[in-house]
Amino acid sequence: MKASFVVTNVSNLRLRLLTKTDRISRFFSSANLAFSPLISSEDETSGLEDLSFLDNGSPKSSAVSSAELRFVHDRSFIDLHEFTNHGGSVSNNQTAGGIEMETIRYILTKRGWNFRQPDGYGVDLSEAIVVKALNYLFKESADAALSLCFFRWLEYSVGFKHTIRSVCTMICILVFGNLNHRVMDLLKDLVQDHVGEDGYHNLLLNAIQENCTGGWVLETVHSMLVQCYVELNMINAAVELVYQMEHFGIVPSAGACNSLVKSLLESNQEELAWDLLEAMRRHAMVNASHISLFIYHYCCKGNIGCGWKLTLDMRNYGVKPDIVAYSIVIHSLCKMACLKEATLVLFKMIKVGFLPDSVLLSSIIDGYCKMARQEEAIRIINTFNVPPNIFVYNSFISKFCKDGDMVQASNIFSEMSESGFLPDCISYTTMISGYCKARDTGKAFQYLGRMLKSGIQPSVTTYTALIEYYCRSGEMEMAEHLFCKMTDKGLRPDVVVYNALINGYGRKGQLHKAFELCDIMKYAGVSPDSVTYNIIIHSLVVRGFVNEARDILNELIRRGFSPDLITFTDIIGGFSNRGQFEEAFLVWSYMSKFNTKPDVVTCSALLNGYCRARRMEEASALFHKMLDVGLTPDLILYNTLIHGFCSMGNINDACNLISMMVKQNIMPNDVTYRALILGYEKKCVNHPAKSAGSKLQHILREHGLHVIDC
């Protein structure tokens, strides 16, 4: 039966099987694809037998004694440097692979191969002769590696161009000989060398069915071909092959199905993945690991509800939920800080008979620590008698470092060491990062020294913590030194490291270095993210290059980049501060195209420009529009408007705003007080500071707030 085949996904990856030595030939030439009988039918059925003797599932015992074979079983390949190409003949002075080739000569000489003749081996090579020779070698030696040695020798030394039939014969022998990993090598080379050739895959499937006798062999080879397509990212080809296999009454192995389902989900082809799962269910092949792939997929996308429902519905597929499925849901809930739900699922899991392991419990403990809820974390430890482990210790260290409590973090670190747990890279990096945030680089480098003394090499994250500190401090030379040291150690900087350095250069006004580093990161294969572009745009705006920042925004939009609220706010603020409100509103209009709504900070940027330009009517109108759409002003926005009114001597409107902010439980601060002083100065009032203080006290009393007279 002919098999139709469609390949829609092609990988250009080119793998090689053996060495870096230039290959004499590839497996096939296009002339070899449409093969025809090269010897008579009588010759085909005599001499070197085919694989029909293997139909019973096991090879016949060797007709040659082990002493005669002298074959080294763990050696699959021969040294290609020992071979010389002689255009299809082998002379007797040619070194031919040592013991293996001596064994091959011994076996094949009995079948009429004369290796001692000066002009060759006395046999005209053809597809049929090679196929029979491969089969006979395996039959006589019961060792697939010996046939593979001969197969390679023909290709590299003799220059024989293997046909699809000879390769499929070799594949079949390797499966019988339990050398499946060599099968994958052959299949990958075979597929990659002929990607895109019309009709090739039909020939391949037909040849596999004709040469691989025995149901289990056929199923194994097809399964490995599915796996081969998956590894080469030819997902559509793999799916098509699975459906063809089902038509032939065979199904891929569970492992091949698992790989294909995983690849389909990773490429967001959920419908095809579900179709494949349904086909597997018809053959009673579905197990818990297959369903867990779907659960993991939904949880990674943030759709934990679907993942949890699928966990409960696993019985519909004839599978009982296992601890892996529950663990995936719990881990995902912890990552999303849904700790109450994670704990409920944990107890549900215990109720159905699964006991959580220390890794799962540590995940929940870590979740509570990240949310600064150490009491609940300790309660989990006590409830389940969680034995101390480095993961739990690291969770508490991270929690205290995040809180800035480096004394407690240091105590936990010391307790961990005293309890017999050696700190790992995460332990040291967390402490170093904590001390950097606390601006105590002395202690940070002390822990770095202890880390190196313990034989633990710093990671990219370790260097990032130190580089970020020096960039924030403006010490760019030290940051550059650490960056060079990191790369010298063979570590590959990520986008976070580059962003820290670009931000440091931007803060120092060294924009040329910032742009140079952008080029370097692109050359290194690190793609800039939204943070990178926001840093560049902000640096340009701060230095007054607003038009250039706008040009970058336009270019990013043309390239398909989606700016975020921070990007728009920076450019709007830049134009507003320069009084270019037309350009500011043009950028404002872009926001709706990207489904981005202005927030209080965006409005403040525009209001600040209006106030600077003393255009208080527009500022007041924008303020009330902001209130109408439901935005709640913050203290900064109120102070911006109050200062604007006071700079024009408009005390009444300024005091109305102060009264409004007090009603919203936003208390005036020193900035408010100084703005009010400015207003009274503009009104030429005697003792403006005293008048401003009295007015503030009066407003606070009106709202029932007690004021202590000084």
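Biologist: Among contacts in the protein between residues at least 6 apart in sequence, what percentage join residues at least 24 apart?
Modeller: That percentage is 65%. Contact here means heavy atoms within 4.5 Å. Before we go on, this is a predicted model, so to speak of local features we need pLDDT of at least 70, and side-chain atom pairs count only at pLDDT 80 or more, while totals for chains, interfaces and linings use all residues. Residues are numbered from 1 along each chain as its sequence is written, and side-chain values use heavy atoms, with hydrogens and water left out.

Biologist: Thanks! How many helices and strands does the protein have?
Modeller: There are 37 helices and zero strands. Both are DSSP runs numbered from the N terminus, with helices being H or I of at least four residues and strands being E of at least two.

Biologist: And what share of the residues is buried?
Modeller: Buried residues are 49% of the 710 in the protein. Buried means under 20% relative accessible area, exposed means over 50%, and partly exposed is in between, using a 1.4 Å probe and protein chains only.

Biologist: How many residues are in the largest nonpolar core, and which have the most contacts inside it?
Modeller: That core has 204 residues, and L260, I467 and L501 have the most contacts inside it. A nonpolar core is a set of buried Ala, Val, Leu, Ile, Met, Phe, Trp, Tyr and Cys residues joined through side-chain atoms within 4.5 Å. As a rule, nonpolar side chains in soluble globular proteins tend to be buried together.

Biologist: Let's stay with L501. What does L501 touch, not counting residues up to four places away in sequence?
Modeller: With those set aside, L501 touches I467, C471, M476, A479, F483 and L517.

Biologist: How do helix 26 and helix 27 cross?
Modeller: The axes of helix 26 (residues 495-508) and helix 27 (residues 511-523) come within 7 Å and cross at roughly 165°. That makes the two helices roughly antiparallel. For reference, axes are lines fitted to C-alpha atoms, for helices over the stretch in contact, and angles run from 0 to 180 degrees between N-to-C directions. Angles under 35 degrees count as roughly parallel, over 145 as roughly antiparallel, 65 to 115 as roughly perpendicular and the rest as oblique.

Biologist: Is that crossing left-handed or right-handed?
Modeller: Left-handed. The term applies if the near helix is turned anticlockwise from the far one by less than a right angle, and right-handed is the clockwise case. Helix 26 brings V495, Y498, L501, I502, Y505 and G506 to the contact, and helix 27 brings L511, K513, A514, L517, C518, I520 and M521. By class, that is 11 nonpolar, one polar and one charged. Ala, Val, Leu, Ile, Met, Phe, Trp, Tyr, Cys and Pro count as nonpolar, Asp, Glu, Lys and Arg as charged, and the others, Gly among them, as polar.

Biologist: Okay, what about helix 8 and helix 10, at what angle do they pack?
Modeller: Helix 8 (residues 180-193) and helix 10 (residues 215-231) pack at about 55°, with axes 10 Å apart. Helix 8 is therefore oblique to helix 10, and their crossing is right-handed. Among the residues in contact are V183 and L187 of helix 8 and M224 and L225 of helix 10. The whole contact divides into nine nonpolar, three polar and two charged residues.

Biologist: Switching to loops: where is V386, and is V386 buried or exposed?
Modeller: V386 sits in the loop between helix 19 (374-384) and helix 20 (390-403). V386 counts as buried because its relative accessibility is 8%. Beyond neighbours within four places in sequence, V386 contacts L361, I365, I380, I381 and V392.

Biologist: What is phi of N595 near?
Modeller: Phi of N595 is near 55°, a positive value in a residue other than glycine. Most residues other than glycine have a negative phi. N595 is in the loop between helix 31 (581-593) and helix 32 (600-612), and at 76% relative accessibility N595 counts as exposed.

Biologist: And how about phi of C684?
Modeller: Phi of C684 is near 60°, also positive in a residue other than glycine. C684 lies in the loop between helix 36 (670-682) and helix 37 (688-702), and is exposed, with a relative accessible area of 66%.
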